[in-house]
Amino acid sequence: MPFETLATLVHDRADASPSDVALRHREGGAWTDVTWAQLRTRVEHIAAGLLTGPAPLRPGDRVGIVAETSAAWIACDFAALSVAAQTVPIYTSLPAPEIGYAHVDTAIRVLIVGDAALYRKAVSVREGFRFFDRDYDPSELVLEHVVVIDPTGLEPGDDWESLSALEERGRAYLESVGAELATRRTSVSAGDLATFTYTSGTTGPPKAVTQTSANHLAIVSGTAEVGILSDAMREAGLFLFLPLAHSFGRLVQFAAPVHDLPLVLSSVPTVVADLVETRPGFVPAAPRVYEKLRAGVLRRIEGSPGPRRALAVWALGVGEEVAATRLEGGTPSVSARLRWAVADRLVLARIRAGLGLDRAGALLSGSAPLQPSVLLFLYALGLQVYEAYGLTETCPGLTANRPGRVRLGTVGQALPGVELRIAADGEILARGRNITAGYHNREEETRAAIDADGWFHTGDLGSLDDEGFLTITGRKKELIKTSGGKYVAPTKIEGALKLSPLVSEAVVVGDGRPYCVALLALDPDAVADHLARAEESAREGAVAAALDAHVRTTNADLAPFETVKYWRIIDAPTVGSGELTASLKVRRTKVEERWAEQVEDMYATVRQA
């Protein structure tokens, strides 16, 4: 049967639909289409090159990939999988010691890197490195060869070759190794280990989640079964700017050949322009992208001339009224539908087109909570947004809202093949074919995460309603317990604080303290825009006044013990500073350690009072 393993996906799709578009990517300043037949040819050339190079791949060898999302990344991944190797995607933003840790942990033998800078960073660990208070000796690395996608600026060396040279060799040797390639490809079983994906490691060294073809393809089939992906998206394609070191990105990558949908490849720096130019049919993103989209639209409306601003505000109001009625399961009145038609023609459709979302059949939000107000805003624009939930260990889905089944404030119902239950302490437990067998080289952590009955303990807290809609209420290990004995879920408060366009990141502190305080990082573009609109005489203190007002608004919807009593501005956390993981999750402990003086000052304030 086709589409049973990741090793055969491209070949299976090329056999079935050779002329259909597989990839749409920017090349030489123009968007270029690559068919499934063309992608298969490239995959075969790379695969043949990997079998005939300085370090010929054996079944089960590990291939690391440190590169930005691109056609080359996807071709290399599928090529390595097709020769029964196991791939290890690694974030480009990681510091060298963490890349070195992945080398040692998974025994990477061949490494594929994006460019000269990544090559230098990745191979610097050959001299040894220190990571999480442990010194690693050069002898612990088994890396034998490096392939560089774009070697511009690199001096020739014996330990690396360009991807183009590897492909040329593969082209020359393809006929002689063709039988071996076919044997390798068909020898892979659905239950075989295919890839490792690292978790964020917010409290310790990252864990390599083991994932099989069966794990990934269980979720790929589920997303189509519930209608999130559809044939209607074939012309416009699946937009992919997410890093492929993240399971969310891999879900989209693997869904494309299974469902014969083209991947529209973008990048974080060019995502806004690429959306407008390509007008994709499906857009997956983290909530922060949608929050910034909302903030940008509202900022443009606020800066519009009076009559245009009034029209836009009216149109959004109508949109939200109709969206709220539909999301609650009701039917808008005839009057509301007529007003929406006018609002859509005059304003909303233009906003969608201006964002490049006029052909989008679905937006998928995952990896963090999406604030209900942001979801309602997107629905008001006439967009179909589905919030989903899952973890790296679940490849990465567990639940999703879906066409005809959307409930505001929830992450939807279980995907096909997924079982959910809530433990006595409120933790969400899950079981299904998509869930990992465990963590590589981490038996103790595996036993702690997956119990004897096969239930995976997510570490998240939640509740299920009578119809199976899941609500996330917090992270088990991140709950704050104030000195008054009250439990506070900081993510809920942080999400509300980030609804201000001025706030790019928020960290709530209060464990063991009498009340909660917040550390706020600001969006420089939003700050500049806010100051430009302020009266000259009022610019000093304008940002602080706006933040004060927003914190008060946030507090109005919180229980008294949850409210933020004080706040301070901090520098934006980064991966380089150690305050963000590679998947851009905040390391709370690191942030609190760095800004300890500001935190203590906020608690000293009340003592002095």
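**Labels and their grounds**

Thr392 lies in the loop between strand 16 (385–389) and strand 17 (399–400). Helices (H or I, at least four residues) and strands (E, at least two) are DSSP runs, numbered from the N terminus. This is a predicted model, in which local features need pLDDT of at least 70, side-chain atom pairs count only at pLDDT 80 or more, and totals for chains, interfaces and linings use all residues. Residues are numbered from 1 along each chain as its sequence is written, and side-chain values use heavy atoms, with hydrogens and water left out.

Q: Why is Thr392 called buried?
A: Buried means under 20% relative accessible area, exposed over 50% and partly exposed in between (1.4 Å probe, protein chains only). Thr392 has a relative accessible area of 17%, and is therefore buried.

Q: Which residues is Thr392 in contact with, leaving aside its neighbours within four places in sequence?
A: Contact means heavy atoms within 4.5 Å. On that basis the partners of Thr392 are Thr197, Tyr198, Thr199, Val209, Gln211 and Ser247.

Q: What do the buried residues of helix 6 pack against?
A: These residues, among them Leu163, Gly170 and Arg185, pack against helix 1 (9–16), helix 2 (36–51), helix 3 (71–82), strand 8 (145–150) and strand 9 (160–162).

Q: Why are strand 25 (503–509) and strand 27 (564–570) said to stand at the edges?
A: Two strands pair if DSSP finds at least two bridges between them. Three strands form an open sheet in the order 25-26-27, with mixed pairing. Strand 25 and strand 27 each have a single partner strand, so one side of each is left without a neighbour in the sheet.

Q: How do you know that strand 26 (residues 516–522) and strand 27 pair?
A: Strand 26 and strand 27 are joined by six bridges, in the parallel sense. Val517 stands opposite Tyr566 in strand 27.
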